[in-house]
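Here is a quick tour of one model, with a stop at a helix pair and a look at confidence. Have the sequence and coordinates open as you read.

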Amino acid sequence: MSFLEYHVKSTPTGWRKILHLNWALALLLVTVACVGFLMLYSVAGGSFQPWAEPQMERFALGFTAMIIVALVPIWFWRNMSVLAYAVSILLLLYVEFFGATGGGAQRWIDLGFMRLQPSEMAKVTVVMMLAAYYDWLDIDKVSNPLYVAIPLLIIGLPVGLTFIQPDLGTSLLIMMGGGAVIFLAGVHWLYFATVIAMGVGAVTAVFASRGTSWALLADYQYARIDTFLDPTRDPLGAGYHITQSQIALGSGGWTGRGFMQGTQIRGDFLPESHTDFIFPTLAEEFGFVGAASLLLLYILILVFCIATALMARERYASLVVMGVAVTFFLYFSINMAMVMGLAPVVGVPLPLVSYGGSAMLVLMVAFGLVQSAHIHRAR
Amino acid sequence: MKRTQREIEDSVRTITRRSLVVGGLFAGTGAVLAGRMRYLQVERADDFRLLAEENRINLRLLPPARGLIFDRRGVLLAGNEQNYRITIVREDAGDVDAVLDEVARLVNLDLVTLERAREEIRNRPSFVPVTIADRLSWEELSAVAVNAPALPGVNPEVGLSRVYPLGADFAHVVGYVGPVSDWYLQQTGDTDPVLQIPDFQVGRYNIEDKAESMLRGRAGTSRVEVNASGRIMRELDRDPATPGSDVQLTVDAGLQNYVEARLEGESAGAVIMDCQTGDLLALASAPTFDPNLFVRGISTTQWNGLNNDPYRPLANKATQGLYPPGSTYKMIVALAALEGGFVTANETVSCPGHMEVGNRRFHCWRRGGHGRVDIVGAIMESCDVYFYELAQRVGIENISAMARRFGCGVRHDLPMSGVAEGLAPTMEWKRRRFDQDWVVGDTLNASIGQGFVLSSPLHLAVMTARLATGRMIEPTLVRSVNGVPSDRPEPEDLGINPDHLALVHEGMWRVTNSSRGTAYRYRADDEGFAFAGKTGTSQVRNITAAERAAGVIRNEDLPWERRDHGLFVGFAPYNNPRYAAAVIVEHGGGSAAAAPIARDILLRAQVGDVPPPELYPVSLRRSIEAMHGEMRIFDAPPQPSGRTPGHGGQGA
């Protein structure tokens with residue numbers, strides 16, 4: 001049995017495990033969540049409804065889930081990985097079918113107290129599945145083409161299902177998170193170099209062919225790409241969001257306009273300010289100091305994750321923790337890049353701050369895995 | 001599958017190495033994000049702060065109240081009335097159709113209005129108030145207000161709209177306002193932001209138009225904070241609007257009403273002025289129209305009715321209508337001859353009823369002729385031949401120069417939409433205009449106010465005022481602005497020999513007061529109110545030799561539009577001239593149409609009320625009384641309004 005491989009005797013048992021939680025990481029998570037409550041309170045015009053209070057309840061639920069997950073030994077979760085992955089794929093399929101009959105793009109399942117988005121779940125279960133796969137795989141086979149194809153399939157299935165929902169942002173996130181785990185597992189760097197080269201080549205070809213006789217895309221498709229890459233071309237559509245977002249950010253200045261004083265938010269100039277565009281709200285009201293502080297908090301969370309991964313000395317634990325870290329990193333960096341006009345507008349929330357149940361819960365469970373790896377690390 | 005220690009070490013090493021690479025990527029990305037934050041929030045903070053302010057702050061214009069227009073005694077001629085209207089806000093109304101049905105039950109709304117409102121409600125953002133109906137009565141507005149709980153989203157509102165309480169009587173003086181059209185903006189090049197205010201009204205005719213800059217006022221502003229959809233969140237500060245200046249005119253509302261009423265039924269123009277000061281007391285043009293129609297939006301039917309009327313109610317005949325002045329021009333010729341020494345007071349000319357000049361025969365209006373006439377007699381009897389003779393001696397240049405001294409052929413500076421220049425022709429003018437030489441026949445025609453000569457009633461009134469006083473009287477229409485009297489220099493002396501003026505006065509006196517005078521029938525039978533004047537008839541057709549041989553067709557037998565114009569100018573009281581009047585009745589058939597009108601308005605001006613029958617010759621008293629009984633006159637002279645200009649209040 002695999003659990004015998006771990007140094008059981010040196011890990012804490014029973015309720016004493018709680019004392020061995022990475023409390024610094026937990027505190028960081030609570031702090032970030034509190035920033036979220038504050039901003040949701042502000043966005044609602046100084047009210048706990050309709051966002052701050054549900055968000056608090058969910059965070060409480062998520063924090064409890066994190067502790068429960070943390071108390072269970074990490075190798076149990078390794079054994080659950082395949083099951084978790086399978087369940088998330090089934091849920092994605094379920095949503096796909098019932099979404100179709102329900103009309104429109106239905107991305108969630110109503111659980112009564114919250115709406116579960118299987119695509120959010122898939123972000124973590126893909127990481128778990130890949131980690132378990134590489135834990136199982138002989139190390140000298142990781143770069144074997146056959147064994148490289150399998151993780152591609154593992155990633156491709158949920159990516160495809162989210163893409164057709166359609167949810168471009170989430171499918172990209174899953175793909176990049178999965179790719180990161182493959183990279184971390186030690187797959188030869190030439191594979192990545194090849195993929196990147198091919199990607200760059202394809203994009204270059206597409207753009208180079210524009211306006212020539214062998215154009216690879218139709219004109220309107222190029223136009224769509226242009227708008228996607230540069231939203232200011234469409235000032236009333238996608239460009240409106242990004243322009244207003246940058247105005248909110250920039251007008252914050254060094255120290256911001258003050259809590260509840262952001263005019264961009266009060267005047268509804270900034271759309272989606274409680275979900276994907278919550279960061280400009282923070283930046284407007286608390287300025288560069290506030291925005292940079294949040295970035296610092298995020299970086300600190302990553303530092304703790306990397307530390308945990310490096311201390312784990314156990315393949316599954318390290319890969320899962322790093323996978324979670326990369327996923328978390330992708331969340332906030334894409335979101336921030338997007339609202340600051342560095343990346344196209346794709347629907348990616350700011351982790352632990354944006355209003356949303358599934359993402360919050362799934363992330364807290366993922367941090368539960370990190371905590372579990374921390375408690376049950378080899379000593 | 002157990003792993004060897006070496007494999008585990010290998011795995012840890014790989015993961016550590018790769019983790020550090022990923023960690024480096026994290027750090028790099030973090031640095032880029034922080035750099036971007038710094039760029040946006042620190043380096044470009046001011047730019048974005050400005051953009052945020054532009055987003056947030058909106059300037060709303062507050063409409064100024066338009067200046068009021070008063071008559072010389074403070075009677076309100078143009079005011080602003082409360083315009084009660086009801087608006088609906090879609091998002092507050094819920095079921096818009098049900099609410100509109102309910103409103104239609106309370107307020108009398110026609111289907112067109114309802115349909116227009118429905119369409120506007122559909123097209124505007126849901127929070128914008130849309131006017132369902134305006135110009136409601138207080139009762140209707142109250143009904144809506146009382147039923148407010150059953151009418152969600154419906155609001156009774158009050159705005160200001162122009163109103164002309166005296167209606168048609170002042171259409172041709174005060175004019176009217178109308179909405180700001182694209183055409184107006186283009187035409188005037190006016191960029192005053194106040195024009196952007198919805199439902200704003202600008203002057204479109206006469207005083208309202210020409211005194212626009214005084215009457216308009218200055219828009220106020222209200223700085224408001226708005227949200228993305230334009231909804232006002234709160235007012236930041238407010239700079240109230242400055243109302244327009246109040247304008248007081250020289251006209252007398254009671255007299256104006258009397259003159260308009262007296263002209264009713266004719267196509268005519270009349271001007272009466274204070275011949276000492278130049279104050280225009282009444283400027284009437286008949287038929288007239290209700291200027292309130294233009295404010296409220298005139299219907300096509302009404303517009304076509306006004307536009308196609310052969311009596312041309314929209315034309316201002318008093319200042320814009322140009323007519324051959326006929327015999328009223330003879331005083332000019334007489335003075336030109338006297339002043340130039342071409343004739344003496346006692347010199348007589350024999351009138352056989354016609355005069356041969358060149359190979360043409362020029363007729364006197366009396367076929368049998370007047371016999372021997374001197375200058376006084378020629379004016380009294382309006383002998384054409386006498387003036388043909390004078391004209392040949394004086395020449396057109398002297399006549400026209402004298403005409404201009406008396407204000408004919410000159411554009412008088414009045415704030416009116418159309419003030420005609422008229423025409424006192426010269427040889428050079430004819431050459432320029434027709435490329436023809438002036439011939440002596442032209443001079444003869446001009447001497448009896450026919451041919452090229454053209455004047456408006458305003459010209460003739462000014463001429464009469466100058467004849468009466470011998471001074472350079474300038475017509476004036478604006479008495480004061482915001483209580484500050486208009487700056488008016490003392491009229492200069494015309495420099496006419498008083499003896500010569502006295503001769504002309506004597507002639508004009510005899511016109512109405514000598515039994516041989518052309519207007520003796522229309523005299524005033526009272527020493528104190530007696531007036532002097534001159535009749536005029538101007539032909540609008542040529543009388544051929546054949547017709548003259550067969551006997552000139554009587555005016556009554558001609559179709560209306562071919563009958564002669566009737567004219568009369570006069571001043572009163574004769575001994576101490578105070579009022580000068582000019583009347584033109586288009587196609588009136590002759591001066592007999594105009595003289596009684598001039599008599600009546602001169603008497604009305606002197607009495608200050610409807611003239612009593614005792615002032616008329618006995619034989620006319622009953623018919624005059626009957627006429628006054630039927631006239632559309634104010635029951636009582638309009639009472640000065642509450643808001644009187646500071647210095648106003650003295651009688652006309």
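## Ground rules

Two residues are in contact when they have heavy atoms within 4.5 Å of each other. Keep in mind, too, that this is a predicted model.

## Chain B at a glance

Chain B has 652 residues, and 52% of them count as buried. Its secondary structure comes to 23 helices and 21 strands.

## Where α15 meets α18

Now zoom in on two helices of chain B: α15, covering residues 384-394, and α18, covering residues 440-447. Their axes come within 8 Å and cross at roughly 130°. That angle falls between the ranges for roughly perpendicular and roughly antiparallel, so α15(B) and α18(B) are oblique to each other. The crossing itself is right-handed.

Which residues do the touching? On the α15(B) side, look for B:Phe387, B:Tyr388, B:Ala391 and B:Gln392. They meet B:Val440, B:Thr443, B:Leu444 and B:Ser447 of α18(B). Sorted by class, this contact has five nonpolar and three polar residues, with no charged ones.

Chain A has a mean pLDDT of 85, with 91% of its residues at 70 or more. Residues 1-8 of chain A, though, have pLDDT below 50, and that stretch has ten contacts in the model beyond near neighbours in sequence.

Residues 100-104 of chain A also stay under 50, with two contacts beyond four places in sequence.

Key: Residues numbered from 1 in each chain as written. Chains lettered and ligands numbered in written order. Predicted model: local features only at pLDDT ≥ 70, side-chain atom pairs only at ≥ 80, totals over all residues. Heavy atoms only, no water. Axes fitted to C-alpha atoms, helices over the stretch in contact; angles between N-to-C directions. Helix = DSSP H or I, 4+ residues; strand = E, 2+ residues; numbered from the N terminus. Parallel < 35°, antiparallel > 145°, perpendicular 65-115°, else oblique. Left-handed = near helix turned anticlockwise from the far one by under 90°. Nonpolar A, V, L, I, M, F, W, Y, C, P; charged D, E, K, R; others polar. pLDDT = per-residue confidence, 0-100. Buried < 20%, exposed > 50% of the residue type's maximum accessible area, 1.4 Å probe, protein only.
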